[in-house]
Amino acid sequence: MAAEEIHRASTHAPVNIAVIKYWGKRDPKLNLPTNGSISVTLSQDDLRSHTTASCAPSFTGDSLTLNGQAEDISGARTQACLRELRQLRREVEAQDSHAPKLADMKLKIVSENNFPTAAGLASSAAGFAALVRAIAFLYQLPTSPTDLSRIARQGSGSACRSLQGGYVAWNKGEKDDGSDSVAYEVAPASHWPDMRALILVASSDKKDVGSTAGMQQTVASSTLFQHRANEVVPKRMHAMEKAIHDRDFEAFAALSTKDSNNFHACCLDTDPPIFYLNDTSRAAIRLCEMINSRHDRSVCAYTFDAGPNAVVYYLANDEEAVAGYFKALVGDKPGWEGKRGQAIQAAQKSVLAG
Ligand code: DP6
């Protein structure tokens with residue numbers, strides 16, 4: 001008997017870390033945000049999701065395995081991505097009668113992250129971006145990164161920013177159907193290649209309040225958040241794009257740190273309050289402030305997602321200054337594993353992805 005033909009495609013997608021944060025949905029079903037956001041894409045050598053999608057006539061059900069564990073894919077978000085991708089494949093099959101009928105076959109998706117899942121290191125972003133692109137490759141869809149970002153957004157909002165390298169913005173969009181709520185490249189990594197990111201893993205535990213639930217509690221209860229979404233972020237989106245275009249680290253640093261602090265202030269203003277930062281996070285903030293004030297300029301910019309891990313952006317020329325200070329900090333503080341050697345391993349340095 002001839003061996004069954006299995007169709008297969010693989011890809012990987014990087015983690016992105018927002019410098020203007022997405023927090024809040026105006027339409028939870030389509031995953032449309034209350035405000036735009038901008039992120040920096042990290043190197044795939046350090047933090048990435050690798051995904052293989054396959055399909056064959058004998059597969060009996062759709063399945064997803066993440067780091068060796070079976071995951072539930074019946075959720076509306078994953079289903080929305082699969083539905084859209086299958087619909088696009090059907091259009092390909094309708095136009096080409098020789099194209100194999102892949103859209104009707106069940107999918108087997110196998111994904112691996114090389115970093116702690118759900119610890120505030122944007123695992124869902126890399127995960128959904130890789131899942132959507134792997135299936136798009138499998139189906140040989142003629143889709144651009146922007147088209148794919150519209151699909152990945154429905155899996156996890158921040159995932160729409162992980163389909164391109166460099167500096168990426170997610171346009172909030174105005175349309176009710178979400179067709180204009182997509183990601184676009186602000187600048188490629190090569191535009192500002194000396195940007196560096198230090199990831200300080202303060203804790204790799206799963207977070208207490210997931211982003212999806214946390215942000216909707218904020219939307220429902222924080223008055224500070226209304227000001228953030230309507231007044232603060234729209235202005236910052238323009239200012240951050242300009243800072244990136246001008247390679248103006250001073251402006252980039254001021255905007256990123258202020259936006260991170262404003263986002264965490266909104267978390268605190270949520271009822272009940274949400275605490276993502278811990279003592280180690282606050283020590284990292286104080287250290288960055290101290291480094292900047294000693295140098296009388298912005299040497300480093302910190303930002304925190306929905307978890308305690310710090311991401312510190314700096315320029316390659318300041319590598320020694322930043323790494324030196326952080327080595328001193330992590331050597332003594334509990335929460336950084338205590339010992340110098342381990343702490344520095346936890347403090348991964350990432351160059352940016354192309
Ligand atoms: C704090 O993209 O995880 O990291 O759309 O509900 O899946 P869902 O949320 P998610 O939220 C990310 C929030 C953030 C900020 C950001 O990445 O912009």
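# Briefing on a predicted protein–ligand model

Strand 13 and strand 14 form a hairpin with five residues between them, where helices (H or I, at least four residues) and strands (E, at least two) are DSSP runs numbered from the N terminus. The structure is a predicted model, in which local features need pLDDT of at least 70, side-chain atom pairs count only at pLDDT 80 or more, and totals for chains, interfaces and linings use all residues. Residues are numbered from 1 along each chain as its sequence is written. The secondary structure of the protein chain comes to nine helices and 15 strands, and buried residues make up 47% of its 354 residues. A residue counts as buried if 20 or more other C-beta atoms lie within 10 Å of its own, as exposed if 12 or fewer do, and as partly exposed in between, with C-beta atoms placed from the backbone.

**Contacts along the chain**

- Among the contacts in the protein chain with a separation of 6 or more, 73% are accounted for by residues 24 or more positions apart; two residues are in contact if their C-beta atoms, placed from the backbone, lie within 7 Å.

- Strand 13 (300–304) pairs with strand 14 (residues 310–315) in the antiparallel sense over five bridges, pairing being assigned if DSSP finds at least two bridges between two strands.
- Within this pairing, alanine 301 stands opposite tyrosine 313 in strand 14.
- Strand 13 is mostly covered, with five of its five residues buried; Cys300, Tyr302 and Phe304 lie on one side, and Ala301 and Thr303 on the other.

**Strand 5 and its two partners**

- Five of the five residues of strand 5 (residues 37–41) are buried, so this strand is largely enclosed by the rest of the structure.
- From strand 5, Ser37, Ser39 and Thr41 point one way, whereas Ile38 and Val40 point the other way.
- Strand 2 (residues 16–20) pairs with strand 5 in the antiparallel sense over four bridges, and isoleucine 17 stands opposite valine 40 of strand 5.
- Strand 10 (residues 167–170) also pairs with strand 5 in the antiparallel sense over four bridges, and in strand 10 the bridge partner of valine 40 is tyrosine 167.

**Surroundings of the ligand**

- Of the 16 residues around the ligand, Ala18, Ser156, Gly157, Ser158 and Thr212 come nearest, a residue being near a molecule or strand if its C-beta atom, placed from the backbone, lies within 6 Å of it.
- Helix 2 (123–138) and helix 4 (211–221) each supply at least two residues of the shell around the ligand.
- By class, the shell around the ligand holds six nonpolar, eight polar and two charged residues; Ala, Val, Leu, Ile, Met, Phe, Trp, Tyr, Cys and Pro count as nonpolar, Asp, Glu, Lys and Arg as charged, and the others, Gly among them, as polar.

**Helix 1 and its faces**

- The 20 residues of helix 1 (residues 76–95) should span 28 Å at 1.5 Å a residue, and the 29 Å between its end C-alpha atoms agrees with this; the expected span is 1.5 Å times one less than the number of residues.
- The buried residues of helix 1 are Thr78, Cys81, Leu85, Leu88 and Arg89.
- Seen down the axis of helix 1, these buried residues fall within an arc of 105 degrees, so they line one face of the helix; the arc is that of the directions from the helix axis to the C-beta atoms.
- On the other side of helix 1, Ala76, Gln87, Glu91 and Ala94 are exposed.

**Backbone features in loops**

- A cis peptide bond, with omega of about -5 degrees, joins aspartate 271 and proline 272, and proline 272 has its place in the loop between helix 6 (249–268) and helix 7 (279–295).
- Arginine 247, although not a glycine, has a positive phi of about 50 degrees; this arginine is found in the loop between helix 5 (223–245) and helix 6, and is partly exposed, with 15 other C-beta atoms within 10 Å.
- Aspartate 296 likewise has a positive phi, near 60 degrees, in a residue other than glycine; aspartate 296 is found in the loop between helix 7 and strand 13, and is exposed, with 7 other C-beta atoms within 10 Å.
- Asparagine 67 is found in the loop between strand 7 (63–66) and strand 8 (69–71), and counts as partly exposed with 13 C-beta neighbours inside 10 Å.
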